[in-house]
Amino acid sequence: MNHQEKPPKDNLTELMEFVLLGFADMPHLQQFLFGLFLIIYIIIVMSNGTIFLITKMDPALQSPMYFFLSNFSFLEICYVSATLPKMLMNLGTQRRRISLVACATQMCFALIFGDTECLLLAVMAYDRYVAICNPLHYPLVMNHRVCIQLVTGSWIIGIPVFIELTYQIFSLPFCGSKQINHFFCDILPILRLACGDTFVNQMLVYILVVLFGMVPFLLILGSYTKIISIILKLPSATSRVKAFSTCSSHLMVVVLFFGLAIVTYLRPNTRHSEGTDKVISLFYTTLIPMLNPIIYSLRNKDVIMALRKLLCK
C-alpha cells in the first residue's frame, strides 16, 4: 500500500501565505510612497473623524441628512483601515507576505464596507428625494427610528453574503503562483490565482456587483432624475440654487465611487487588466475617501459653520 508523502512543515506554511506585490515594480519609490500614503491615511482619518464629531456634537446638525453623513464618515474610516495599514506596513518593511486567513479577513471586510457604502449612498439619495420631492411629510417619513433602521440595514445586510462568498473563494485550491498583483486582497486578483474552473465564482461576483452595486446606483439615478425635475419647476432661481447645492455634493461622490467600482468589477477578468485595476482601486479606496470630506464640507455652509465653532472653542 502506497502512502502519499506529506510535504515538509515549511512548505505547508508557505502554501498558507500569499505575497502582495503592491508597488514592488517601483523599488526606488518605496519610501516616497510610504510617506505619501501615510499622509493620505492621516488626512482621511482626521477629516472624516472631524465630520463625524461635529455632526454628533453640534445641535444645528441633528437632521437626518447629517445623521447619514456621520455614518458615512465613520464608514470611510473603516473602509480605508481595511486596506491602507497593511499596504503601509508592506511599503515600510518590504515584507509583503500575508497569511491566507489574514488575506481572507481583509477581503471580507473590504467587501462588506464597500457594499455598505453603496447602500448608504442609496439611503442618502432617498433622504434627499423625500426632502425635496415631499417636504411636508419629510419629518414624518424620515423620523429617527426610520433613519436608524435604514443605516442598520445598510451595515448588516451584506455581512452574511460576503462572509459566505469569502469562504467559497478561499476554499478553492491555490496551486500556482501565490503572488497577488495588487496592494490588498481584492476578489478578482485572488480568483486569478485559483486553480481549476472559477467560472461559477466569477458569475457569482458579477451577480453580487449587480445586486449591491448596479441596483443602488440605478435607484440613486432614478431619485436624482425626479429631484432634478422638481427643482427645475421651482419658481425662483434662489430656491433652485439652494436645492441643487444640497444634492450636488452627494451626486459627485456617487458618480466617482460607483463609476470606478463598476468599471473595476464588471470588466472581463484578465491578467492584462491587473495594472489598470490597481490604479482604479487606488482611486476608490484612498483618494475618494480623502476627497469626500472636502466635497461635503466646502459645499455645505452648515458644516463650515459647525467646524468654525469647533475650532474657536
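The questions and answers below walk through a predicted model of one protein chain.

Visitor: How many helices and strands does the secondary structure of the protein chain come to?
Guide: The C-alpha trace of this predicted chain spans about 85 × 40 × 35 Å along its principal axes, and of its 313 residues 49% count as buried. The secondary structure of the chain comes to 13 helices and three strands.

Visitor: Among contacts in the protein chain with a separation of 6 or more, what percentage is accounted for by residues 24 or more positions apart?
Guide: One example of such a separation is Gly35 and Gly92, which stand 57 residues apart in sequence and 9.1 Å apart in space, C-alpha to C-alpha. Gly35 is found in helix H2, residues 30-57, and counts as partly exposed at 25% relative accessibility. For the contacts of the chain with a separation of 6 or more, the share that comes from residues 24 or more positions apart is 78%.

Visitor: Which helix packs with helix H5 at an angle of about 145°?
Guide: Two packed helices are described by the angle between their axes and the distance between the axes. Helix H5 covers residues 100-133, and the axis of its partner, which covers residues 159-170, lies 9 Å away. The two pass each other in a right-handed crossing, and the partner of H5 is helix H8.

Visitor: How many residues of the contact of H5 with H8 are nonpolar?
Guide: On the side of H5 the contact includes Leu100, Met107, Leu111 and Asp115, and on the side of H8 it includes Ile159, Phe162, Thr166 and Phe170. The residues of this contact divide into one charged, one polar and, as the nonpolar part, 13.

Visitor: Where do the two residues of the stacked pair Phe217 and Phe258 lie?
Guide: The structure holds 16 aromatic pairs, and in this one the rings are 5.3 Å apart centre to centre, with 25° between the planes. The pair links distant parts of the chain, its members being 41 residues apart. Phe217 lies in helix H10, residues 199-232, and Phe258 in helix H11, residues 237-266.

Visitor: Why does Phe258 count as buried?
Guide: A residue counts as buried when its relative accessible area is under 20%. Phe217, with a relative accessible area of 18%, is buried, and Phe258 is buried because its relative accessible area is 1%.

Visitor: What is the angle between the planes of Phe257 and Phe258?
Guide: A pair of aromatic rings is described by the distance of the centres and the angle of the planes. Both Phe257 and Phe258 are buried, and their rings lie 5.7 Å apart, centre to centre. The pair is edge-to-face, with an angle between the planes of 85°.

Visitor: Which residues do ring pairs link into a cluster with Trp155?
Guide: Trp155 is also in contact with Asn71, a residue of helix H3, residues 64-81. Asn71 is buried, with a relative accessible area of 13%, and leaving aside its neighbours within four places in sequence, its contacts are Leu120, Val151 and Trp155. The residues that ring pairs link with Trp155 into a cluster are Phe52, Phe74, Phe109 and Phe113.

Visitor: Which residue meets Arg97 in a salt bridge?
Guide: A search of the whole structure finds two salt bridges, and in the one formed by Arg97 the distance is 3.3 Å, N to O. Arg97 lies in strand S2, residues 97-99, and its partner in strand S1, residues 17-20, so the pair ties together parts that are 80 residues apart in sequence.

Visitor: How far apart are the closest N and O atoms in the salt bridge of Arg128 with Asp127?
Guide: Arg128 is buried, and Asp127 is buried as well. The closest N and O atoms of their salt bridge are separated by 2.9 Å.

Visitor: What is the phi of Gln94?
Guide: Most residues other than glycine have a negative phi, and most peptide bonds are trans. Gln94 sits in the loop between helix H4, residues 84-93, and S2, and is partly exposed, with a relative accessible area of 35%. Although Gln94 is a residue other than glycine, its phi is positive, near 65°.

Key:
Residues are numbered from 1 along each chain as its sequence is written. This is a predicted model: local features need pLDDT of at least 70, side-chain atom pairs count only at pLDDT 80 or more; totals for chains, interfaces and linings use all residues. Side-chain values use heavy atoms; hydrogens and water are left out. Rings of Phe, Tyr and Trp (its six-membered ring) pair if their centres lie within 6.5 Å; planes under 30 degrees apart count as stacked, over 60 as edge-to-face and the rest as tilted. Helices (H or I, at least four residues) and strands (E, at least two) are DSSP runs, numbered from the N terminus. Buried means under 20% relative accessible area, exposed over 50%, partly exposed in between (1.4 Å probe, protein chains only). Axes are lines fitted to C-alpha atoms, for helices over the stretch in contact, and angles run from 0 to 180 degrees between N-to-C directions. A crossing is left-handed if the near helix is turned anticlockwise from the far one by less than a right angle, and right-handed if clockwise. Contact means heavy atoms within 4.5 Å. Ala, Val, Leu, Ile, Met, Phe, Trp, Tyr, Cys and Pro count as nonpolar, Asp, Glu, Lys and Arg as charged, and the others, Gly among them, as polar. A salt bridge is a side-chain nitrogen of Lys or Arg within 4 Å of a carboxyl oxygen of Asp or Glu.
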